[in-house]
Protein chains: 2
Amino acid sequence: MTDREEGAGQRRYHHGELREALLAAAEMELSEKGEDGFSLRSTAKRAGVSHAAPAHHFKDVTALLQGLAQRGFERLTATMKEEQAEAGDDAEALYVASGVGYIRFAAENPALFQLMFGARSSHDKPTELAKAGDASFSVLVNAVARLRGADLLKTEEGWRDVAAAWMMVHGYAHLAIGGKVGWLTGQSFDRQRPVIADLVRRALRL
Amino acid sequence: MTDREEGAGQRRYHHGELREALLAAAEMELSEKGEDGFSLRSTAKRAGVSHAAPAHHFKDVTALLQGLAQRGFERLTATMKEEQAEAGDDAEALYVASGVGYIRFAAENPALFQLMFGARSSHDKPTELAKAGDASFSVLVNAVARLRGADLLKTEEGWRDVAAAWMMVHGYAHLAIGGKVGWLTGQSFDRQRPVIADLVRRALRL
DNA sequence: AGAAAAATCTTGACACTGACAAAATAGGCA
DNA sequence: TGCCTATTTTGTCAGTGTCAAGATTTTTCT
């Protein structure tokens, strides 16, 4: 079966990578039409299959969107680490970079970000989605821990620090997506960076 | 025509306050079934009219939800002012109370809050909705202005202060609704108050 | 008052959606 | 080879939002 697995991607869809293709198509549909206006059928059509094909890979449209949200968290984690990598070794710079990455991801993937924190993804069991979300959270926690001590999450104060940091970046991200802070987000992202740095520092009173 | 306007609420087939009745029914539908699962037809049924009746009062389902969001902002404003009224005269206490009110409203009306900041309500023209949103924003701005000076919004620093405050409370509210901070929101709201106060103060480095 | 006009509500239709069942197709394995 | 299972298609169903047309009530005009 290791045959032409690199062929010119023709229509041999029967045994293919439909699951991946569906997720890719779904993300395009999502960013083009938003969460309202998203349609399972038109996602299937974009992937080149019939309207009932997705059922064998995702039991629901909700399951498909949760799969998308999971990948979103994975990419959010990657974006935060990417910013960290360009920030050097200073603990405070690493912390700021985490927040900048969080916000940059949201700005670059607004519809996906809204999906990740929307009603369809909320308070669920220990799914893959929850794990991916925890992984993103950990990036922030670790950055704060480098500033405040490794046993950060042992104390109420520590939880409060992490919560403050998360809430600040999340508030920025969500309000920016909603167009509520146009005086800020009208600028290019690089011009927002110093402002974000200031705001993120406030969360820990730095 | 001032006849039996107080009758036992029977089916007199024009019924005069359909717009209000639809908004009330829509809010119940929203909080019971969430934004997904919300249906114009079942809202109409709950209000006791046919499926096409709402069209004369709201051109769209979007228009209906925007009307609901507008009322949400009005009540958000009221909740913030309510908390302020119980906070006395101290400027810092007033500021904290604004944030507490913001978060309490979100906790008490999660689905409505998500609607107010969701995609359907975003970046629109100078509608009634936008005005109601600005009014809520002004409560926060005024509270910050009492701490930082009346010409707050003349300076970049001032905008940054307001943004920081808004982002912090908004982040709290949104993450709490999403069930992401269960260690906090598992408590009764009165037990959250001191934590909220701390977090809100951080935004202004108080 | 009575008739004309406007506003409101109902019925009916249309295209679209998500989900399900049954048939068709392809691949893996004996 | 031939069965078996996984995958995909076709067909169907109830439910949705919106539009058009008809029915009914309220308002306005003379």
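**Conventions.** I number residues from 1 along each chain as its sequence is written, and chains are lettered from A in the order in which they are written. In this predicted model local features need pLDDT of at least 70, side-chain atom pairs count only at pLDDT 80 or more, totals for chains, interfaces and linings use all residues, and side-chain values use heavy atoms, without hydrogens and water.

**Chain B against chain A.** I looked up contacts (heavy atoms within 4.5 Å) and found 36 residues of chain B touching 36 residues of chain A. I then took the buried area, the accessible area (1.4 Å probe) that two parts lose on being put together, summed over both. The two chains bury about 3,700 Å², with 61% of it on carbon and sulfur atoms. On the chain B side, Met167(B), Arg202(B) and Arg205(B) lose the most area, together 21% of what that side buries.

**Salt bridges.** I counted 8 across this interface, taking a side-chain nitrogen of Lys or Arg within 4 Å of a carboxyl oxygen of Asp or Glu. Arg160(A) forms a salt bridge with Asp198(B), the closest N and O atoms being 3.3 Å apart.

**DNA strand D.** I listed the residues near the strand (a heavy atom within 4 Å of it) and got 19, the closest being Ser50(A), His56(A), His57(A), Leu40(B) and Arg41(B). A polar backbone atom of Ser50(A) is 2.6 Å from a phosphate oxygen.

Key:
Polar contact = N/O pair within 3.5 Å; in protein donor to acceptor, adjacent residues only side chain to side chain.
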